Every structure is written in C-alpha cells, then in structure tokens.
Amino acid sequence: MQAARHGHSMEEEIRIILRSALNQPQAKGLGTRIRERFADAGGIELEVPPGSEPRDPGFSA
C-alpha cells in the first residue's frame, strides 16, 4: 500500500526503505552494541593454551 501511495513498485519501495535504514547514523559501533547487549549475561574467562611451533601447511614451492 505504501509503494502504491508513493507510485513505486514494491521492490523499489523496499530498496528505498533499506537505503534509509542503512543511512541512519549509528551512535555506537557494532562491537560496543554487541557487548552492551550481552553484558547482563556475564562473561567467561577462557584459558589460552600455550603457543606451539607453527605447522607445515604441506605446500611445496
């Protein structure tokens, strides 16, 4: 109905809506927003294994 009111095809109306949504400035970066969303879930500490010698990928030169 909105597309008809604006004289566009449904496909063009969707493109316009998506462009508008994507052009909205984001106050915070993606990483910050993800961290804030899951902050209440608490965090976990992962044990980092000690480094080892790099493996040969098996490519011949």
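**Notebook: salt bridges and overall form of a predicted model**

I began with glutamate 12, which has a relative accessible area of 27% and is therefore partly exposed. I keep in mind throughout that the model I am reading is a predicted one.

From there I looked up the partner of this side chain, and I found that glutamate 12 meets arginine 15 in a salt bridge, with 3.7 Å from N to O. The cut-off for such a pair is a side-chain nitrogen of Lys or Arg within 4 Å of a carboxyl oxygen of Asp or Glu, so I count the contact on that basis. Glutamate 12 and arginine 15 are 3 residues apart in helix α2, which means that about one helical turn separates them.

Taken together, Glu11, Glu12 and Arg15 are linked in a network of salt bridges.

How many salt bridges does the structure hold? I read a total of 3, and one of them joins glutamate 36 to lysine 28, with the closest N and O atoms 3.0 Å apart. Glutamate 36 has a relative accessible area of 42% and is partly exposed, while lysine 28 reaches 41% relative accessibility and is also put down as partly exposed.

Next I turned to glycine 29, which I placed in the loop between α2 and α3, the latter helix covering 30-38. Is glycine 29 buried or partly exposed? At 40% relative accessibility, glycine 29 counts as partly exposed, because the term covers values between the 20% limit for buried and the 50% limit for exposed residues. I also followed glycine 29 to glutamate 45, and noted that the two are 16 residues apart in sequence, with their C-alpha atoms 24 Å apart in space.

Back in helix α2, which spans residues 10-22, I looked up leucine 18. Leu18 forms a nonpolar patch on the surface together with Ile14 and Leu22, and the three have about 330 Å² of accessible area together.

The protein chain has 3 helices and 0 strands, and along the sequence I read the pattern α-α-α. For the radius of gyration I noted 24 Å, whereas a compact globule of 61 residues would have a value near 10 Å. The C-alpha atoms fill a box of roughly 65 × 45 × 20 Å, taken along the principal axes. Of the 61 residues, 3% are buried, and the accessible surface comes to about 6400 Å², with 57% of this area belonging to carbon and sulfur atoms. As for charge, I listed 8 positive and 9 negative side chains, and the centres of these two sets lie 11 Å apart.

Note on methods
Residues numbered from 1 in each chain as written. Predicted model: local features only at pLDDT ≥ 70, side-chain atom pairs only at ≥ 80, totals over all residues. Heavy atoms only, no water. Patch = residues over 30% accessible without salt bridge, like charges linked within 9 Å, V, L, I, M, F, W, Y side chains within 5 Å. Areas by Shrake-Rupley, 256 points an atom, 1.4 Å probe, with all protein chains shown as cover. Helix = DSSP H or I, 4+ residues; strand = E, 2+ residues; numbered from the N terminus. Rg over C-alpha atoms; globule rule 2.2 N^0.38 Å. Buried < 20%, exposed > 50% of the residue type's maximum accessible area, 1.4 Å probe, protein only. Lys, Arg positive; Asp, Glu negative; His and termini not counted. Charge placed at Lys NZ, Arg CZ, Asp CG, Glu CD.
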